[in-house]
Amino acid sequence: MIDYLYYRFYRLWLHSSLAEGAAFMAMLLFSIILSTNVLMVWGILTQCGFVKYPSDFQYYILEGSLIVLLSSRFFIKNRYKKVVAKYDDENPMQRRVGMWVLIMYIAITFIGFFIEALYRQGKI
């Protein structure tokens, strides 16, 4: 699933004005979305009283760790090229479905994060 989501972010960046940096930009955007998922789970655990909410330093460690992990996963031995080649033979219907998977993943991530943040602040 991680490979497929990376591929979808890669395809998204290919259609931007930064297409020559699509491999790196896809990894950065994917790490931000993954850190949002981790922070959402961390916030839920904080509300249950299991852990404290992360400090700024812990957040920087989390984001840096995700960037290093994803960089090593996709850029050592140019593995991202294998991932792109694996999914590049999609037909137009699979591409549309993949686009909707990416849109839903991003939307659910940010909606869930905002709901958790608003609930934690007592707004909901």
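Me: What makes Tyr119 part of a helix, and which one?
Reply: Tyr119 sits in helix α5 (residues 92-120). Helices here are DSSP runs of H or I with at least four residues, numbered from the N terminus. This is a predicted model, in which local features need pLDDT of at least 70, side-chain atom pairs count only at pLDDT 80 or more, and totals for chains, interfaces and linings use all residues. Residues are numbered from 1 along each chain as its sequence is written, and side-chain values use heavy atoms, with hydrogens and water left out.

Me: Why is Tyr119 called partly exposed?
Reply: Its relative accessible area is 48%. Buried means under 20%, exposed over 50%, and partly exposed in between (1.4 Å probe, protein chains only), so Tyr119 counts as partly exposed.

Me: Why is Ser35 called buried?
Reply: Ser35 has 1% relative accessibility, which is under 20%, so it counts as buried. Ser35 belongs to helix α2 (residues 22-47).

Me: What does Ser35 touch, not counting residues up to four places away in sequence?
Reply: Ser35 touches Tyr59, Leu62, Glu63 and Leu66, where contact means heavy atoms within 4.5 Å.

Me: How do you know that α1 is mostly covered?
Reply: Of the 13 residues of α1, 10 are buried, including Tyr4, Phe9 and Trp13. The cover over the buried residues of α1 includes α2, α3 (56-75), α4 (79-87) and α5.

Me: What span does helix α1 (residues 2-14) reach, and what is expected?
Reply: From first C-alpha to last, α1 reaches 18 Å, close to the 18 Å expected. The expected span is 1.5 Å times one less than the number of residues.

Key: Helix = DSSP H or I, 4+ residues; strand = E, 2+ residues; numbered from the N terminus.
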